[in-house]
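Morning, everyone. Please look at the structure on the screen, and keep the sequence beside it.

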Amino acid sequence: MRRRDFIYLTGMGAGALMLPGMNALGKTIDPVKALEGVDVKIKKELADVALNAAKSNGATYADVRIGRYLNQFVVTRENKVLNVANTESYGIGIRVIANGCWGFAATNDVTKEGMAKTALKAVAVAKANAKIGGAPVELAPQKGYGEVSWKTPLTKNAFEVPIKEKVDLLLNANGVAMAGGANFVNSIMFAVNEQKYFASTDGSYIDQDVHRLFPSFTVTKIDPAAGSFETRRSLSSPVGMGYEYLDPLDSEKVAGITTRYKKRYDMIEDMKFATQQAADKIKAKSVEPGKYDLVLDPSHLWLTIHESVGHPTELDRVLGYEANFAGTSFLTLDKWKSGKFNFGSKAVNIVADKTQVGSLGAVGYDDEGVKCKKWDIIKEGTLVNYQAIRDQAHIIGLTESQGCCYSQSWQDVQFQRMPNISLQPGKTPLSVDEMIKNVEKGVYIIGDGSFSIDQQRYNFQFGGQLFYEIKNGKIAGMLNDVAYQANTQEFWNSCSQVCDERDYRLGGAFNDGKGQPGQSSAVSHGSSTALFKGVNVINTKRKIG
């Protein structure tokens with residue numbers, strides 16, 4: 001093996017350690033097999049076996065998830081295909097309440113015998129847990145929906161698109177970068193299909209077909225004379241859509257200092273811009289530290305929303321039940337109970353929404369059979385709600401779950417996961433150009449970069465990909481080495497304007513980690529471009545001493 005390939009593959013391995021759930025990707029399969037579904041009648045018969053076995057052995061509640069999880073990776077570098085992989089994971093997870101406690105068991109023995117045995121194991125686990133003591137589980141009531149189904153709205157199933165078409169797109173994009181003078185370029189296509197069947201003793205039998213897609217690349221330019229290099233990653237977004245996301249449409253492009261994308265993505269065009277911008281970044285002026293007004297593009301702001309709003313409003317972090325992957329939350333219950341905790345300015349309206357079309361978190365029903373919906377988290381700057389599931393709802397006085405329970409696979413127990421959390425557009429007509437005209441000293445940031453946040457999601461630092469200096473209402477050139485620091489409350493109180501819905505776009509995370517053992521989930525965050533006044537900017541290149 002050549003040294004370059006060894007470093008690349010070992011690098012992928014190190015990265016995989018940071019992604020919860022990589023061990024749940026399953027076995028390798030022929031891509032043709034991915035198109036073969038499982039009859040819903042068979043799933044119902046299997047589910048009933050498990051539910052009846054659980055009830056007859058003492059369970060007061062039971063739910064069954066029959067899951068088939070398909071993943072497809074196409075990985076290229078320069079003019080080579082490094083890997084094509086199709087994986088399948090298929091099995092059953094059974095969760096019960098017996099003697100007031102939760103029990104869970106899972107198996108890949110997808111037979112009636114396997115269902116019955118696993119249901120008994122789940123009940124046994126619950127009864128063993130009950131001997132430890134503690135308050136009994138209190139579930140919010142949930143009506144049964146009968147036999148219902150939901151599917152991601154799409155026009156082109158990514159798993160039906162030939163591998164060659166995907167390889168050609170990636171290699172063509174790489175070719176554009178190499179022709180533009182790039183020194184290195186890699187591109188990846190990642191498609192996911194979750195075929196999930198949920199049944200419970202409430203009387204629900206829910207069949208769902210969930211699709212997600214994430215095309216991405218990284219292009220690198222080296223300056224041998226200066227001994228430096230710069231990269232620019234794709235401005236694509238991971239989406240809850242089919243392969244139609246990769247059919248470019250001019251109507252879905254956002255013009256400006258660089259093109260950004262809404263519900264369609266032009267990978268070839270973005271690669272062309274990225275290659276030039278990687279070279280421009282090498283020559284860009286290093287930022288002078290100080291206070292700046294920040295104009296944050298949705299391709300950047302989604303990550304700040306995710307870390308500083310999404311995670312701290314998870315009720316399990318608020319209660320201290322969850323502290324993995326960056327801690328608990330400063331948004332304690334007393335702040336919410338006061339009804340007047342000032343999270344941000346009046347311009348800040350943030351909603352949770354598991355129904356948003358095209359988003360990563362969109363499903364019809366969550367993983368405990370609750371129909372998904374939309375609700376306020378921050379309203380005109382005030383904290384008004386959290387994210388809660390059935391056994392948490394009573395803690396904050398809710399009479400029903402908010403429908404944000406999720407498990408990364410059949411073999412993992414479901415728990416509270418972040419729904420799509422988004423900043424609402426401004427109600428007054430405002431374009432990005434109009435916003436920039438009123439900024440005397442500022443920085444315009446496009447694309448997500450590095451981030452760091454403390455153990456209560458309060459103090460943070462964010463980088464980015466593209467930085468442009470704003471002087472007296474005009475773009476004055478590219479900057480480099482920019483990061484901004486703030487605490488969550490000060491930052492969101494500095495938000496003075498949000499562009500209107502014409503600029504609204506989604507960004508997101510394909511592998512958001514949480515829990516122990518760790519699980520990953522996919523979630524989107526939407527916003528329009530927003531203005532934050534007087535934020536502290538540091539120079540990431542300068543050294544002390």
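First, a term: two strands pair if DSSP finds at least two bridges between them. Keep in mind that this is a predicted model.

Now take strand β12, residues 290–296. Which strand does β12 pair with in the parallel sense? Strand β19, residues 441–446, over four bridges. One of the residue pairs here is V295 with its bridge partner Y444 in β19.

β12 has another neighbour to show you. Six bridges join β12 to strand β28, residues 530–539. β12 and β28 run antiparallel. Here G290 has V537 of β28 as its bridge partner.

Is β12 mostly covered or mostly open? Mostly covered: six of its seven residues are buried.

Next, a helix. Helix α3 covers residues 112–130, which is 19 residues. At 1.5 Å a residue, α3 should span 27 Å.

Which residues of α3 are buried? They are G114, M115, T118, A119, A122, V123 and A126. Seen down the axis of α3, the buried residues fall within an arc of 165 degrees, so they line one face of the helix. Why does such spacing work? An α-helix has 3.6 residues a turn, so residues three or four places apart point the same way.

What covers that buried side? The cover includes α2 (40–56), β2 (61–77), β3 (80–98) and β4 (101–107). The face away from its buried side carries E113, K117 and K121, which are exposed.

Conventions
Residues are numbered from 1 along each chain as its sequence is written. This is a predicted model: local features need pLDDT of at least 70, side-chain atom pairs count only at pLDDT 80 or more; totals for chains, interfaces and linings use all residues. Side-chain values use heavy atoms; hydrogens and water are left out. Helices (H or I, at least four residues) and strands (E, at least two) are DSSP runs, numbered from the N terminus. The expected span of a helix is 1.5 Å times one less than its number of residues. Buried means under 20% relative accessible area, exposed over 50%, partly exposed in between (1.4 Å probe, protein chains only). The arc is that of the directions from the helix axis to the C-beta atoms. Contact means heavy atoms within 4.5 Å.
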